[in-house]
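The terms are given their cut-offs as they come up.

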Amino acid sequence: EGAPRRLLRKGYRTLTWRATDADSDTLSYDIEFRPATSTRWLSLRRNLKESFYSFDTTSLPDGD
């Protein structure tokens with residue numbers, strides 16, 4: 001697995017993480033976020049195979 005490709009555009013962010021599985025199973029990831037004023041988590045992306053994700057933050061509401 002190589003390094004994530006960083007998108008150097010205004011408003012874009014790249015999230016990266018590390019995870020392991022004791023049984024060496026293939027992992028997949030879901031990314032969720034929660035607005036500061038809410039208790040509800042919202043899906044950003046599901047079933048990612050890579051351990052990074054780049055996205056345009058301008059599609060999200062302002063907040064913490």
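At 46% relative accessibility, D30 counts as partly exposed, the class that lies between buried (under 20% relative accessible area) and exposed (over 50%), as judged with a 1.4 Å probe and protein chains only. The model is a predicted one, in which local features need pLDDT of at least 70 and side-chain atom pairs count only at pLDDT 80 or more, whereas totals for chains, interfaces and linings use all residues. Residues are numbered from 1 along each chain as its sequence is written, and side-chain values use heavy atoms, with hydrogens and water left out.

The side chain of D30 meets that of R46 in a salt bridge, with 3.1 Å from N to O; the term stands for a side-chain nitrogen of Lys or Arg within 4 Å of a carboxyl oxygen of Asp or Glu. Because D30 lies in strand 2 (residues 29–33) and R46 in strand 3 (residues 42–48), this pair ties together parts that are 16 residues apart in sequence. R46 is itself partly exposed, with a relative accessible area of 46%.

R46 also forms a salt bridge with E32, where the closest N and O atoms are 3.4 Å apart. Here too the partners sit in strand 2 (E32) and strand 3 (R46), so the pair ties together parts that are 14 residues apart in sequence. E32, at 39% relative accessibility, counts as partly exposed. The count of salt bridges comes to two, and D30, E32 and R46 are linked by them in a network.

What does the side chain of S54 make a polar contact with? Its partner is the side chain of T14, at 2.7 Å, where a polar contact is a pair of N or O atoms within 3.5 Å, one of which, within protein, must be able to donate a hydrogen and the other to accept it, while residues adjacent in sequence count only if both atoms are side-chain atoms. S54 lies in strand 4 (residues 52–56) and, at 19% relative accessibility, counts as buried.

Turning to the chain as a whole, its secondary structure comes to zero helices and four strands, these being DSSP runs numbered from the N terminus (helices H or I, at least four residues; strands E, at least two). Of its 64 residues, 14% count as buried. The chain exposes about 5700 Å², of which carbon and sulfur atoms supply 44%, the areas coming from the Shrake-Rupley method with a 1.4 Å probe. Among contacts (heavy atoms within 4.5 Å) with a separation of 6 or more, residues 24 or more positions apart account for 38%.
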